[in-house]
Number of protein chains: 2
Amino acid sequence: MKVDLLTVEEATQAVLERACALPPIRLPLSMARECLLAEDVSADGDSPPFDKALMDGFALRFADLRNGVGTLRIVEELYAGSLPSRSLMGGDASLIMTGAPIPEGADTVVMIERTRRDGDRVLVEDPSVRPGGNILRRGREMRAGDVIVRRGETLTPTRLGMLASAGRPSPLVVPAPRVAIVPTGDELVESNQVPGPGQIRNSNAVVLEALVAGAGAIPLLSPIARDDPEILREALGEGLASDVLLITGGVSAGQRDLVPATLMGLGVERVFHKVRLKPGKPLFFGVGPRRGEKPGTLVFGLPGNPVSGVVGFLLFVRPALDLLAGRAGRPLGLPLYPLTRAFVHAGEKPTYHPARRVEWTGRGPGTVGLEPLASAGSADLLTASRADGFALFPAGDRAYAPGDVVGFLDLG
Amino acid sequence: MKVDLLTVEEATQAVLERACALPPIRLPLSMARECLLAEDVSADGDSPPFDKALMDGFALRFADLRNGVGTLRIVEELYAGSLPSRSLMGGDASLIMTGAPIPEGADTVVMIERTRRDGDRVLVEDPSVRPGGNILRRGREMRAGDVIVRRGETLTPTRLGMLASAGRPSPLVVPAPRVAIVPTGDELVESNQVPGPGQIRNSNAVVLEALVAGAGAIPLLSPIARDDPEILREALGEGLASDVLLITGGVSAGQRDLVPATLMGLGVERVFHKVRLKPGKPLFFGVGPRRGEKPGTLVFGLPGNPVSGVVGFLLFVRPALDLLAGRAGRPLGLPLYPLTRAFVHAGEKPTYHPARRVEWTGRGPGTVGLEPLASAGSADLLTASRADGFALFPAGDRAYAPGDVVGFLDLG
């Protein structure tokens, strides 16, 4: 019965080896937020494409002013989107609005607050004005051909704006992974139903859906699949169209736990089925058949106990989603925090125990510590819902004292 | 011309005074992620609703074992979702799967790995077994009537799961704010078009859409509105159906800047129109008429220069979105970082200058510092797209040395 009992580290390694960035596709900018760009994008023209006013004011010839003062003749009014029809001669000025092209002959813009208009004349009075003031020269931001966003960069809001301004409404990006979620089990009813005897409401799928969305991936939630070979085969087969398939329930050693056999029948290669950890030991991981250009689906069979499912997601699924999206993985080690109270751990498996982050003054003010919460175990989602994550107690019996330092698997 | 020139702090205060949590609505769980719960939710039944197996194994009477060893008769097989039909008598055991109800008479579950089945008999051998082992008692997680998620708590994945298990598929929550984005300006073309002379592509709306989504709100992007009173009136009027209306362009002092007048005509009360900052001085803020039960739309007219729009969003819109969603505001002060290189600031307005977070060794290893980037000003989105945020240089001329400390307005 000790087959496949990998350590968490070995199991993580086995998952990450099989997760690589998804093949790039073109997505509209509004769907490419936080995606990784998969091509270099160059400017298709100079920006600005013309010398341009940075302020509302008057475009003029600097030489026409004396210490910033002069009275000029208004020859034209220029708005953003309009084109100058006149070149400025000595003594001329054009009213100009932010973003409008500078007329030929002008070399300076004086902001409107430093001017006074009087019919077709304008009195300019701005001792601080400098030649070239308030003009953004053509190509000053970028030149045609300059690479403006590089392959491998994350599409932040401002980079999306750069792609828009370069005329790339559908850049090539690594897409967010699509994650099918299939809840299984005869004991489950949906959250809007009243459970009969021996039944409980399906909470796992809701938790996973939100965890997947929070990891930047796209959750695709299926209805509950009964413990029936035909129904399971259809539900899991559909799930293999996605980049990742998360199944809850049906993976422990029970005779009705049909999931692993059904997956194998669908061509899923089993990588491991159990991991040495608590809660969440019966965790299945495999890889589906290749999907044309796309790699095989990463298939995770998570235990039906809700807390086990959450811990399995955080340890194995979340890092895999990062890699599928082309992001560098999170550091594998857990950050360490001091415990704020005594805790006794017993057992031969490393244990992830719900804990809250709290202020701890045991070593002076301002330290963050972990408070392990009283929990009824792997079915106690309520306690997990009051936790910030899970404190890791390594295998072996030990009485921990306040201040002893342990790793922390963050829910956030 | 100095009307309404508030400081950033005064303007922020004026915005935040007018932003309060939106009226709660019922949302399905899949749309309520990260929303604030607006009601206390209680358990509608005990959980678990019955004594339940935490492992696959055999349910039995502890008294039938001697030092954890015994041979028992298998009287039934129990799966999750099935109901026991037999009470256990002395010498009886039932095969039981994780999640299944414990049969009457049984008080202990021995995990399957510590048993060996032989026809209708099972040999149990688990010296570590304790009475009550591997059973989660009815109501151990929660009792009917217990408050399980409280009003004011954020709906994290595990809390969403608790609502599902309590039969609340549509909880009352503060919804994510809906944010209409209306780009204006005759000079704009969409990002899939080739700009004509004097034109540029619309990048502001794309940047704002992503900033809004990143702040957890729902962006609703309009097509470009021309500088025409009728078109503007229609576009802005539609935008007033949303919780927030963001307009880009059309708010400086130019004669064609029709936005403030159009807004006033639609019943928007002007709160301020300019703020003492660079870039982004011409920033309009007002409040629309009440919308039935809902408060008036918060209306922000952001300048058309892209970097000005970004700074205006970070300073004024993002904190307002937090309050509308019922979240506590971010702290108003900016975190301080040392500059990694010399920088000269000149001018009478506090200036937000694009800067990158970099490692700085000027005071020993491991310090984070700010590197101000060479920027062509408020129209230079490219430089902003390479920045992590904006270093704040207060009003007044000053030559900064490496190590001098300034505030940082984070893009993330």
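## Basis and helix 3 of chain A

Helix axes are lines fitted to C-alpha atoms over the stretch in contact, and the angles run from 0 to 180 degrees between N-to-C directions. The model discussed here is predicted.

In chain A, helix 3 (residues 204-214) and helix 6 (residues 306-324) have axes that come within 10 Å and cross at roughly 20°. Because angles under 35 degrees count as roughly parallel, helix 3 of chain A and helix 6 of chain A are roughly parallel to each other. The crossing of helix 3 of chain A past helix 6 of chain A is right-handed. On the side of helix 3 of chain A, the contact is made by Asn204(A), Val207(A), Leu208(A) and Leu211(A); helix 6 of chain A contributes Pro306(A), Gly309(A), Val310(A) and Phe313(A).

## Burial of helix 3 in chain A

Helix 3 of chain A is largely enclosed by the rest of the structure, because 9 of its 11 residues are buried. The buried residues are Asn204(A), Ala205(A), Val206(A), Val207(A), Leu208(A), Glu209(A), Ala210(A), Leu211(A) and Val212(A). Within chain A they pack against strand 15 (178-183), strand 18 (218-221), strand 19 (244-248) and helix 6, and they also pack against helix 2 of chain B. Just after helix 3 of chain A, Gly216(A) adopts a positive phi of about 80°.

## Helix 1 against helix 6 in chain A

Helix 6 of chain A also packs with helix 1 (residues 8-17) of chain A: the two axes come within 10 Å and cross at roughly 30°. That angle makes helix 1 of chain A roughly parallel to helix 6 of chain A, and the crossing is right-handed. Val8(A), Ala11(A), Thr12(A), Val15(A) and Leu16(A) of helix 1 of chain A meet Leu315(A), Phe316(A), Pro319(A), Ala320(A) and Leu323(A) of helix 6 of chain A.

In helix 1 (residues 8-17) of chain B, the buried residues are Val8(B), Ala11(B) and Val15(B). They lie on the same side of helix 1 of chain B, because they cover an arc of only 70° around the axis. An α-helix has 3.6 residues a turn, so residues three or four places apart point the same way. The buried residues of helix 1 of chain B pack against strand 1 (5-6), strand 20 (269-272), strand 21 (274-275), strand 22 (284-287) and helix 6 (306-324) of chain B.

Helix 3 (residues 204-214) of chain B packs with helix 6 of chain B at an angle of about 20°, the axes being 10 Å apart. This makes helix 3 of chain B roughly parallel to helix 6 of chain B, and their crossing is right-handed. Asn204(B), Val207(B), Leu208(B) and Leu211(B) in helix 3 of chain B meet Pro306(B), Gly309(B), Val310(B) and Phe313(B) in helix 6 of chain B.

## Nonpolar core

The largest nonpolar core holds 240 residues, of which Leu246(A) and Leu246(B) touch the most other members. Not counting residues up to four places away in sequence, Leu246(B) touches Val179(B), Ala180(B), Ile181(B), Leu208(B), Phe300(B), Leu302(B) and Val317(B).

## Contact between the chains

The contact takes 76 residues from chain B and 74 residues from chain A. On the side of chain B that touches chain A, two or more residues come from each of helix 2 (157-165), strand 17 (200-201), helix 3, helix 6 and helix 7 (381-385) of chain B. Helix 2 of chain B gives the most to this side, with 8 residues.

Technical notes. Residues numbered from 1 in each chain as written. Chains lettered and ligands numbered in written order. Predicted model: local features only at pLDDT ≥ 70, side-chain atom pairs only at ≥ 80, totals over all residues. Buried ≥ 20, exposed ≤ 12 C-beta atoms within 10 Å, placed from the backbone. Helix = DSSP H or I, 4+ residues; strand = E, 2+ residues; numbered from the N terminus. Arc of directions from axis to C-beta. Contact = placed C-beta atoms within 7 Å. Core = buried A, V, L, I, M, F, W, Y, C linked by C-beta atoms within 7 Å. Parallel < 35°, antiparallel > 145°, perpendicular 65-115°, else oblique. Left-handed = near helix turned anticlockwise from the far one by under 90°.
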